[in-house]
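Hello,

Here is the structure I promised you. Please open it beside this email and follow along.

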Amino acid sequence: MKNAKQFLTALTLLLATVAIAQGDLVKRGDKAMHGYHFDRAASLYKKAVDQDPKNVVALEKLGTAFRMAGDFISAEAIYKLLFANPVANPVTKFYYGQILSINGKYKEADTAFQAYAAAMPNDSRSVEFRNYLDKIRSIAQDNKAYELTNMPENSELSEIGPAYWLGQLTFSSNRSNGSAVKHVDMWSGKGYYDIYVLQSADKAVVMEPAKAKGKINSRLNDGPATYSADGTEAILTRTAKKKGPDGYKKLGLYRAVWTDGKGWGKPQLLSFSNSSSNFAHPSLSKDGKLLYFISDMPGGFGETDIYVSVRNGNDWEAPVNLGKDINTSGSEMFPFISTDGMLYFASDSRVGLGGLDIYAADANGNKFSNIRNLGAPVNTNADDFGFINDDTQKNGFIVSNRPGGLGSDDIYRFVKKAESVCGTVADAKTKKELENVTITAIGADGAKSGIKTNLKGNFCLQLTPEKDYKITAE
(Lines give C-alpha, C1' and ligand atoms only; values in the text may rest on other atoms or scores of the structure.)
Protein backbone atom coordinates (compact mmCIF):
# COMPACT_ATOMS: atom_id res chain seq x y z
CA MET A 1 0.00 0.00 0.00
CA LYS A 2 2.83 2.34 0.91
CA ASN A 3 4.58 1.62 -2.38
CA ALA A 4 1.33 2.25 -4.28
CA LYS A 5 0.93 5.65 -2.60
CA GLN A 6 4.52 6.54 -3.41
CA PHE A 7 3.95 5.53 -7.03
CA LEU A 8 0.78 7.65 -7.28
CA THR A 9 2.57 10.60 -5.69
CA ALA A 10 5.47 10.26 -8.12
CA LEU A 11 3.07 9.95 -11.06
CA THR A 12 1.19 13.07 -9.94
CA LEU A 13 4.43 15.03 -9.67
CA LEU A 14 5.52 13.78 -13.11
CA LEU A 15 2.24 14.84 -14.72
CA ALA A 16 2.44 18.22 -13.01
CA THR A 17 6.00 18.65 -14.32
CA VAL A 18 4.86 17.77 -17.85
CA ALA A 19 1.97 20.25 -17.60
CA ILE A 20 4.32 23.00 -16.44
CA ALA A 21 6.70 22.19 -19.29
CA GLN A 22 3.85 22.36 -21.80
CA GLY A 23 2.68 25.67 -20.37
CA ASP A 24 6.20 27.05 -20.57
CA LEU A 25 6.48 26.02 -24.23
CA VAL A 26 3.18 27.70 -25.07
CA LYS A 27 4.19 30.88 -23.23
CA ARG A 28 7.50 30.98 -25.08
CA GLY A 29 5.62 30.39 -28.33
CA ASP A 30 3.27 33.26 -27.51
CA LYS A 31 6.24 35.55 -26.91
CA ALA A 32 7.76 34.56 -30.26
CA MET A 33 4.41 35.17 -32.03
CA HIS A 34 4.14 38.58 -30.43
CA GLY A 35 7.56 39.41 -31.84
CA TYR A 36 6.54 38.10 -35.30
CA HIS A 37 8.99 35.19 -35.07
CA PHE A 38 6.53 32.71 -36.55
CA ASP A 39 8.93 29.88 -37.38
CA ARG A 40 10.29 29.91 -33.85
CA ALA A 41 6.78 29.99 -32.41
CA ALA A 42 5.71 27.04 -34.57
CA SER A 43 8.65 25.00 -33.30
CA LEU A 44 7.71 25.70 -29.67
CA TYR A 45 4.00 25.01 -30.14
CA LYS A 46 4.81 21.77 -31.97
CA LYS A 47 6.84 20.57 -28.98
CA ALA A 48 3.87 21.33 -26.72
CA VAL A 49 1.52 19.41 -29.05
CA ASP A 50 3.93 16.48 -29.28
CA GLN A 51 3.86 16.25 -25.49
CA ASP A 52 0.06 16.41 -25.40
CA PRO A 53 -1.78 15.88 -28.72
CA LYS A 54 -5.07 16.69 -26.97
CA ASN A 55 -3.95 20.22 -26.11
CA VAL A 56 -6.38 22.04 -28.41
CA VAL A 57 -5.13 25.50 -27.44
CA ALA A 58 -1.56 24.62 -28.43
CA LEU A 59 -2.85 22.99 -31.64
CA GLU A 60 -4.80 26.13 -32.58
CA LYS A 61 -1.76 28.29 -31.93
CA LEU A 62 0.40 25.94 -33.99
CA GLY A 63 -2.02 26.30 -36.91
CA THR A 64 -1.83 30.09 -36.60
CA ALA A 65 1.97 30.04 -36.50
CA PHE A 66 2.19 27.87 -39.63
CA ARG A 67 -0.38 30.09 -41.37
CA MET A 68 1.45 33.32 -40.52
CA ALA A 69 4.80 31.79 -41.52
CA GLY A 70 3.39 30.88 -44.93
CA ASP A 71 3.83 27.13 -44.38
CA PHE A 72 0.43 26.25 -45.83
CA ILE A 73 1.11 22.53 -46.25
CA SER A 74 1.82 22.13 -42.53
CA ALA A 75 -1.05 24.49 -41.69
CA GLU A 76 -3.51 22.36 -43.69
CA ALA A 77 -2.59 19.26 -41.70
CA ILE A 78 -3.15 21.07 -38.39
CA TYR A 79 -6.43 22.69 -39.39
CA LYS A 80 -7.69 19.33 -40.69
CA LEU A 81 -7.31 18.00 -37.14
CA LEU A 82 -9.02 21.06 -35.69
CA PHE A 83 -11.85 20.82 -38.23
CA ALA A 84 -12.71 17.36 -36.88
CA ASN A 85 -12.38 18.43 -33.24
CA PRO A 86 -15.75 19.48 -31.73
CA VAL A 87 -14.16 21.59 -28.98
CA ALA A 88 -11.92 23.64 -31.29
CA ASN A 89 -12.71 27.32 -31.85
CA PRO A 90 -15.23 27.56 -34.75
CA VAL A 91 -13.04 30.16 -36.50
CA THR A 92 -10.55 27.39 -37.23
CA LYS A 93 -13.09 26.08 -39.76
CA PHE A 94 -12.81 29.38 -41.63
CA TYR A 95 -9.02 29.29 -41.51
CA TYR A 96 -9.13 25.71 -42.79
CA GLY A 97 -11.16 26.92 -45.77
CA GLN A 98 -8.66 29.70 -46.38
CA ILE A 99 -5.71 27.31 -46.30
CA LEU A 100 -7.45 24.85 -48.62
CA SER A 101 -8.15 27.61 -51.15
CA ILE A 102 -4.52 28.75 -50.98
CA ASN A 103 -3.52 25.16 -51.69
CA GLY A 104 -5.91 25.11 -54.68
CA LYS A 105 -8.42 22.70 -53.10
CA TYR A 106 -11.55 24.72 -53.81
CA LYS A 107 -14.13 21.95 -53.36
CA GLU A 108 -12.76 21.06 -49.94
CA ALA A 109 -12.59 24.77 -49.08
CA ASP A 110 -16.28 25.12 -49.96
CA THR A 111 -17.12 22.34 -47.48
CA ALA A 112 -15.08 24.06 -44.75
CA PHE A 113 -16.72 27.44 -45.39
CA GLN A 114 -20.19 25.86 -45.26
CA ALA A 115 -19.32 24.26 -41.92
CA TYR A 116 -18.16 27.67 -40.64
CA ALA A 117 -21.38 29.33 -41.84
CA ALA A 118 -23.39 26.71 -39.93
CA ALA A 119 -21.31 27.20 -36.79
CA MET A 120 -21.14 31.02 -36.94
CA PRO A 121 -24.21 32.22 -38.90
CA ASN A 122 -23.96 35.81 -37.61
CA ASP A 123 -20.38 36.38 -38.75
CA SER A 124 -20.15 38.53 -41.89
CA ARG A 125 -17.73 36.02 -43.38
CA SER A 126 -20.39 33.32 -43.15
CA VAL A 127 -22.57 35.27 -45.57
CA GLU A 128 -19.65 36.25 -47.78
CA PHE A 129 -18.33 32.70 -48.16
CA ARG A 130 -21.63 30.85 -48.42
CA ASN A 131 -21.80 29.08 -51.80
CA TYR A 132 -18.09 29.77 -52.20
CA LEU A 133 -17.57 27.35 -55.05
CA ASP A 134 -20.27 28.95 -57.20
CA LYS A 135 -18.99 32.46 -56.49
CA ILE A 136 -15.42 31.84 -57.57
CA ARG A 137 -16.26 30.19 -60.90
CA SER A 138 -16.29 33.47 -62.80
CA ILE A 139 -13.24 35.03 -61.13
CA ALA A 140 -11.17 31.85 -61.49
CA GLN A 141 -11.39 32.02 -65.29
CA ASP A 142 -8.88 34.29 -67.03
CA ASN A 143 -10.97 37.34 -67.97
CA LYS A 144 -8.35 38.50 -70.49
CA ALA A 145 -8.59 41.98 -69.00
CA TYR A 146 -4.91 42.15 -68.00
CA GLU A 147 -1.62 41.03 -69.52
CA LEU A 148 1.03 40.43 -66.84
CA THR A 149 4.82 40.25 -67.15
CA ASN A 150 7.33 39.47 -64.42
CA MET A 151 9.87 42.29 -64.13
CA PRO A 152 13.51 41.30 -64.78
CA GLU A 153 14.59 43.75 -62.05
CA ASN A 154 13.15 41.45 -59.35
CA SER A 155 15.64 39.69 -57.06
CA GLU A 156 15.71 36.26 -55.46
CA LEU A 157 14.29 37.86 -52.29
CA SER A 158 11.25 40.14 -51.87
CA GLU A 159 10.05 43.23 -53.75
CA ILE A 160 6.86 44.94 -52.54
CA GLY A 161 5.13 48.34 -52.52
CA PRO A 162 5.52 49.65 -56.09
CA ALA A 163 4.82 53.38 -56.43
CA TYR A 164 5.27 56.11 -59.05
CA TRP A 165 7.65 58.98 -58.36
CA LEU A 166 8.19 61.56 -61.11
CA GLY A 167 7.98 58.99 -63.89
CA GLN A 168 10.17 56.54 -62.01
CA LEU A 169 9.19 53.39 -60.12
CA THR A 170 10.05 52.96 -56.46
CA PHE A 171 9.57 49.88 -54.32
CA SER A 172 10.82 48.24 -51.13
CA SER A 173 13.10 45.22 -51.11
CA ASN A 174 15.17 43.18 -48.68
CA ARG A 175 17.70 42.30 -51.39
CA SER A 176 21.34 42.39 -50.33
CA ASN A 177 22.32 44.73 -53.17
CA GLY A 178 25.64 42.91 -53.55
CA SER A 179 26.92 43.77 -50.09
CA ALA A 180 26.97 41.98 -46.77
CA VAL A 181 23.75 42.29 -44.76
CA LYS A 182 24.62 44.07 -41.54
CA HIS A 183 21.14 44.08 -40.03
CA VAL A 184 18.85 41.06 -40.13
CA ASP A 185 15.11 40.92 -39.53
CA MET A 186 14.51 38.19 -36.94
CA TRP A 187 11.07 37.55 -38.48
CA SER A 188 12.33 36.58 -41.92
CA GLY A 189 15.99 35.91 -41.23
CA LYS A 190 16.73 38.24 -44.17
CA GLY A 191 17.83 41.84 -44.47
CA TYR A 192 15.42 44.64 -43.58
CA TYR A 193 13.51 46.39 -46.38
CA ASP A 194 14.91 49.53 -48.01
CA ILE A 195 13.36 51.82 -50.62
CA TYR A 196 14.78 51.48 -54.13
CA VAL A 197 14.33 53.56 -57.28
CA LEU A 198 14.11 52.23 -60.82
CA GLN A 199 15.01 55.20 -63.00
CA SER A 200 12.39 54.42 -65.62
CA ALA A 201 8.96 52.78 -65.40
CA ASP A 202 9.25 52.05 -69.15
CA LYS A 203 9.17 48.28 -69.75
CA ALA A 204 11.63 48.67 -72.63
CA VAL A 205 14.36 49.83 -70.26
CA VAL A 206 16.01 47.27 -67.96
CA MET A 207 18.43 48.60 -65.34
CA GLU A 208 19.68 47.89 -61.85
CA PRO A 209 17.58 49.59 -59.13
CA ALA A 210 19.43 51.92 -56.75
CA LYS A 211 18.70 52.78 -53.13
CA ALA A 212 16.76 56.02 -52.71
CA LYS A 213 19.02 59.00 -51.99
CA GLY A 214 19.12 60.85 -48.71
CA LYS A 215 17.96 59.77 -45.26
CA ILE A 216 14.79 57.91 -46.22
CA ASN A 217 16.32 54.49 -45.47
CA SER A 218 17.20 53.42 -41.93
CA ARG A 219 18.64 50.33 -40.21
CA LEU A 220 15.16 48.77 -39.92
CA ASN A 221 12.27 48.36 -42.38
CA ASP A 222 11.47 51.25 -44.74
CA GLY A 223 8.57 51.32 -47.20
CA PRO A 224 6.20 51.01 -48.88
CA ALA A 225 5.95 54.72 -49.70
CA THR A 226 3.65 57.12 -51.57
CA TYR A 227 4.52 60.47 -53.14
CA SER A 228 3.00 63.86 -53.82
CA ALA A 229 2.26 64.78 -57.44
CA ASP A 230 5.23 67.18 -57.58
CA GLY A 231 7.55 64.54 -56.10
CA THR A 232 8.76 66.68 -53.19
CA GLU A 233 6.95 64.79 -50.41
CA ALA A 234 6.99 61.13 -49.42
CA ILE A 235 4.82 59.37 -46.86
CA LEU A 236 6.39 56.06 -45.93
CA THR A 237 6.04 53.06 -43.67
CA ARG A 238 8.93 52.63 -41.25
CA THR A 239 9.71 50.49 -38.21
CA ALA A 240 9.81 52.71 -35.14
CA LYS A 241 13.07 52.91 -33.18
CA LYS A 242 11.34 52.85 -29.80
CA LYS A 243 9.25 49.99 -28.44
CA GLY A 244 5.56 50.37 -27.79
CA PRO A 245 3.73 49.82 -24.46
CA ASP A 246 3.72 46.06 -25.13
CA GLY A 247 7.50 45.98 -25.50
CA TYR A 248 7.57 45.59 -29.29
CA LYS A 249 8.39 47.97 -32.12
CA LYS A 250 5.48 48.96 -34.36
CA LEU A 251 5.23 50.19 -37.92
CA GLY A 252 4.55 53.91 -38.23
CA LEU A 253 3.88 56.48 -40.96
CA TYR A 254 6.54 59.14 -41.58
CA ARG A 255 6.86 62.19 -43.84
CA ALA A 256 10.04 63.05 -45.74
CA VAL A 257 10.79 66.09 -47.91
CA TRP A 258 12.95 66.06 -51.05
CA THR A 259 15.71 68.63 -51.57
CA ASP A 260 17.46 68.83 -54.94
CA GLY A 261 21.09 67.86 -54.62
CA LYS A 262 20.62 66.30 -51.18
CA GLY A 263 17.84 63.77 -51.63
CA TRP A 264 15.28 62.87 -48.99
CA GLY A 265 15.49 64.54 -45.61
CA LYS A 266 15.07 62.74 -42.29
CA PRO A 267 11.52 61.34 -42.05
CA GLN A 268 9.26 62.73 -39.32
CA LEU A 269 6.49 60.74 -37.62
CA LEU A 270 2.93 61.78 -38.54
CA SER A 271 1.01 63.14 -35.55
CA PHE A 272 -1.69 60.45 -35.47
CA SER A 273 0.79 57.57 -35.80
CA ASN A 274 1.62 56.17 -32.36
CA SER A 275 3.59 53.32 -30.78
CA SER A 276 0.49 51.49 -29.51
CA SER A 277 -0.64 50.35 -32.98
CA ASN A 278 0.71 49.65 -36.46
CA PHE A 279 0.25 52.19 -39.27
CA ALA A 280 1.34 51.18 -42.76
CA HIS A 281 0.79 51.00 -46.56
CA PRO A 282 0.09 54.68 -47.33
CA SER A 283 -1.47 56.04 -50.54
CA LEU A 284 -1.92 59.74 -51.30
CA SER A 285 -4.78 61.02 -53.45
CA LYS A 286 -3.86 62.91 -56.64
CA ASP A 287 -4.46 66.32 -55.02
CA GLY A 288 -2.53 65.28 -51.90
CA LYS A 289 -5.44 66.07 -49.58
CA LEU A 290 -6.34 62.51 -48.58
CA LEU A 291 -4.08 59.82 -47.15
CA TYR A 292 -5.26 56.20 -47.18
CA PHE A 293 -3.47 53.57 -45.08
CA ILE A 294 -4.02 50.51 -42.89
CA SER A 295 -3.92 50.13 -39.13
CA ASP A 296 -4.74 47.65 -36.37
CA MET A 297 -5.73 50.45 -33.98
CA PRO A 298 -8.58 49.69 -31.52
CA GLY A 299 -12.14 50.16 -32.77
CA GLY A 300 -11.72 48.60 -36.20
CA PHE A 301 -13.71 45.82 -37.81
CA GLY A 302 -10.92 43.27 -38.20
CA GLU A 303 -7.24 42.49 -37.91
CA THR A 304 -6.19 45.44 -40.09
CA ASP A 305 -8.57 48.04 -41.55
CA ILE A 306 -8.24 50.76 -44.17
CA TYR A 307 -8.45 54.35 -42.86
CA VAL A 308 -8.34 57.80 -44.43
CA SER A 309 -6.97 61.03 -43.01
CA VAL A 310 -7.59 64.56 -44.34
CA ARG A 311 -4.67 66.97 -44.71
CA ASN A 312 -4.83 70.00 -42.45
CA GLY A 313 -2.01 72.31 -43.48
CA ASN A 314 1.22 70.42 -42.84
CA ASP A 315 -0.55 68.03 -40.47
CA TRP A 316 -3.20 65.32 -40.77
CA GLU A 317 -6.55 65.02 -39.03
CA ALA A 318 -7.67 62.04 -36.95
CA PRO A 319 -8.06 58.92 -39.14
CA VAL A 320 -11.53 57.77 -40.18
CA ASN A 321 -12.31 54.10 -40.75
CA LEU A 322 -13.68 53.40 -44.25
CA GLY A 323 -16.43 51.29 -42.69
CA LYS A 324 -17.77 47.77 -42.94
CA ASP A 325 -18.51 48.03 -46.67
CA ILE A 326 -14.74 47.99 -47.27
CA ASN A 327 -13.32 46.44 -44.09
CA THR A 328 -13.99 42.91 -42.89
CA SER A 329 -13.23 40.89 -39.78
CA GLY A 330 -9.99 39.80 -41.49
CA SER A 331 -7.14 41.79 -43.01
CA GLU A 332 -7.45 44.61 -45.56
CA MET A 333 -4.05 45.74 -46.83
CA PHE A 334 -2.17 47.82 -49.43
CA PRO A 335 -4.81 50.42 -50.41
CA PHE A 336 -4.20 52.47 -53.55
CA ILE A 337 -6.29 55.44 -54.61
CA SER A 338 -5.99 55.94 -58.37
CA THR A 339 -6.08 59.30 -60.13
CA ASP A 340 -9.68 58.63 -61.23
CA GLY A 341 -10.72 58.14 -57.59
CA MET A 342 -11.09 54.35 -57.60
CA LEU A 343 -9.87 52.41 -54.58
CA TYR A 344 -7.86 49.23 -55.02
CA PHE A 345 -6.91 47.07 -52.05
CA ALA A 346 -6.05 43.53 -50.97
CA SER A 347 -8.09 41.38 -48.59
CA ASP A 348 -7.98 37.84 -47.22
CA SER A 349 -11.59 37.77 -45.99
CA ARG A 350 -13.62 38.34 -49.15
CA VAL A 351 -14.49 35.69 -51.70
CA GLY A 352 -11.30 35.13 -53.64
CA LEU A 353 -8.96 32.56 -55.11
CA GLY A 354 -6.82 32.17 -51.98
CA GLY A 355 -4.49 34.21 -49.80
CA LEU A 356 -4.69 37.94 -50.48
CA ASP A 357 -6.74 38.92 -53.53
CA ILE A 358 -6.96 42.36 -55.15
CA TYR A 359 -10.31 44.19 -55.22
CA ALA A 360 -11.59 47.41 -56.77
CA ALA A 361 -14.25 49.80 -55.47
CA ASP A 362 -15.92 52.76 -57.18
CA ALA A 363 -15.90 56.19 -55.54
CA ASN A 364 -19.38 57.23 -54.38
CA GLY A 365 -19.03 60.62 -52.72
CA ASN A 366 -17.04 60.07 -49.54
CA LYS A 367 -17.69 56.32 -49.67
CA PHE A 368 -16.94 53.41 -51.97
CA SER A 369 -19.32 50.92 -53.55
CA ASN A 370 -19.52 48.08 -56.08
CA ILE A 371 -16.59 46.18 -54.59
CA ARG A 372 -15.35 43.48 -56.94
CA ASN A 373 -12.60 40.92 -57.27
CA LEU A 374 -10.33 41.67 -60.25
CA GLY A 375 -10.25 37.95 -61.06
CA ALA A 376 -7.62 35.95 -62.90
CA PRO A 377 -4.95 36.59 -64.10
CA VAL A 378 -4.46 39.42 -61.57
CA ASN A 379 -5.49 37.12 -58.73
CA THR A 380 -4.34 33.55 -58.04
CA ASN A 381 -4.46 31.15 -55.10
CA ALA A 382 -1.24 32.81 -53.88
CA ASP A 383 -0.92 36.27 -52.27
CA ASP A 384 -1.68 39.06 -54.77
CA PHE A 385 -1.50 42.68 -53.57
CA GLY A 386 0.11 46.08 -54.09
CA PHE A 387 -1.93 47.18 -57.15
CA ILE A 388 -1.05 50.57 -58.68
CA ASN A 389 -1.83 52.13 -62.06
CA ASP A 390 -0.84 55.27 -63.98
CA ASP A 391 -2.95 58.25 -65.05
CA THR A 392 -4.31 56.35 -68.06
CA GLN A 393 -5.48 53.46 -65.81
CA LYS A 394 -4.18 51.12 -68.52
CA ASN A 395 -0.68 50.41 -67.21
CA GLY A 396 0.52 49.48 -63.77
CA PHE A 397 2.04 46.98 -61.38
CA ILE A 398 1.01 44.35 -58.85
CA VAL A 399 2.93 42.19 -56.37
CA SER A 400 2.53 38.41 -56.11
CA ASN A 401 4.26 35.37 -54.65
CA ARG A 402 2.69 33.09 -57.26
CA PRO A 403 4.73 30.17 -58.60
CA GLY A 404 7.18 30.95 -61.40
CA GLY A 405 8.53 34.18 -59.97
CA LEU A 406 12.16 35.13 -59.38
CA GLY A 407 11.85 35.58 -55.61
CA SER A 408 9.51 35.28 -52.64
CA ASP A 409 7.49 38.36 -53.69
CA ASP A 410 7.82 39.72 -57.22
CA ILE A 411 6.57 42.87 -58.92
CA TYR A 412 4.61 42.20 -62.11
CA ARG A 413 3.96 44.79 -64.80
CA PHE A 414 0.47 44.80 -66.33
CA VAL A 415 -1.26 46.25 -69.36
CA LYS A 416 -5.03 46.50 -69.17
CA LYS A 417 -6.60 45.01 -72.29
CA ALA A 418 -10.29 45.39 -71.42
CA GLU A 419 -12.55 47.83 -69.60
CA SER A 420 -14.99 47.10 -66.78
CA VAL A 421 -18.68 47.66 -67.52
CA CYS A 422 -20.44 47.49 -64.18
CA GLY A 423 -24.01 47.82 -62.99
CA THR A 424 -26.71 46.65 -60.60
CA VAL A 425 -29.78 44.53 -61.34
CA ALA A 426 -32.92 45.21 -59.28
CA ASP A 427 -36.60 44.38 -59.41
CA ALA A 428 -38.40 47.18 -61.27
CA LYS A 429 -41.29 47.26 -58.79
CA THR A 430 -39.77 46.44 -55.41
CA LYS A 431 -36.32 47.91 -56.18
CA LYS A 432 -34.87 44.85 -54.44
CA GLU A 433 -31.38 43.95 -55.66
CA LEU A 434 -31.37 40.59 -57.44
CA GLU A 435 -28.74 37.92 -56.87
CA ASN A 436 -27.65 35.24 -59.36
CA VAL A 437 -28.97 37.04 -62.47
CA THR A 438 -27.11 36.05 -65.63
CA ILE A 439 -25.69 39.06 -67.50
CA THR A 440 -24.63 38.38 -71.09
CA ALA A 441 -22.74 40.69 -73.46
CA ILE A 442 -22.89 39.85 -77.17
CA GLY A 443 -20.41 41.69 -79.38
CA ALA A 444 -21.04 42.81 -82.95
CA ASP A 445 -18.73 39.98 -84.01
CA GLY A 446 -20.88 37.43 -82.16
CA ALA A 447 -18.43 36.90 -79.29
CA LYS A 448 -20.16 36.31 -75.95
CA SER A 449 -19.15 36.89 -72.35
CA GLY A 450 -21.24 36.50 -69.24
CA ILE A 451 -21.32 36.78 -65.46
CA LYS A 452 -23.82 36.45 -62.62
CA THR A 453 -24.78 39.18 -60.17
CA ASN A 454 -23.55 38.93 -56.58
CA LEU A 455 -25.53 39.10 -53.34
CA LYS A 456 -26.14 42.82 -53.82
CA GLY A 457 -27.12 42.53 -57.48
CA ASN A 458 -23.82 43.95 -58.70
CA PHE A 459 -21.91 42.79 -61.78
CA CYS A 460 -18.86 43.77 -63.79
CA LEU A 461 -18.10 42.62 -67.33
CA GLN A 462 -14.66 42.94 -68.92
CA LEU A 463 -15.24 44.20 -72.47
CA THR A 464 -12.91 45.22 -75.28
CA PRO A 465 -12.85 49.02 -75.78
CA GLU A 466 -14.37 50.64 -78.89
CA LYS A 467 -16.66 47.69 -79.72
CA ASP A 468 -20.46 47.55 -79.77
CA TYR A 469 -22.24 45.15 -77.41
CA LYS A 470 -25.77 44.06 -76.64
CA ILE A 471 -26.15 43.35 -72.93
CA THR A 472 -29.03 41.24 -71.59
CA ALA A 473 -30.10 40.10 -68.10
CA GLU A 474 -32.15 37.01 -67.29
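Axes are lines fitted to C-alpha atoms, for helices over the stretch in contact, and angles run from 0 to 180 degrees between N-to-C directions. Helices (H or I, at least four residues) and strands (E, at least two) are DSSP runs, numbered from the N terminus.

The model is predicted: local features need pLDDT of at least 70, side-chain atom pairs count only at pLDDT 80 or more, and totals for chains, interfaces and linings use all residues. Residues are numbered from 1 along each chain as its sequence is written, and side-chain values use heavy atoms, without hydrogens and water.

Start with the helices. Helix 4 (residues 72-83) packs against helix 5 (residues 91-102) at about 145 degrees. Their axes lie 9 Å apart.

Next, the hairpin. Strand 11 (residues 279-284) has six of its six residues buried (under 20% relative accessible area, 1.4 Å probe, protein chains only). Strand 11 pairs with strand 12 (residues 290-295), antiparallel, over four bridges. Two strands pair if DSSP finds at least two bridges between them. Ser 283 has Tyr 292 as its bridge partner. Five residues sit between the strands, and Gly 288 takes a positive phi near 75 degrees.

Five bridges join strand 24 (residues 438-443) to strand 27.

Best wishes

Terms used. Buried < 20%, exposed > 50% of the residue type's maximum accessible area, 1.4 Å probe, protein only.
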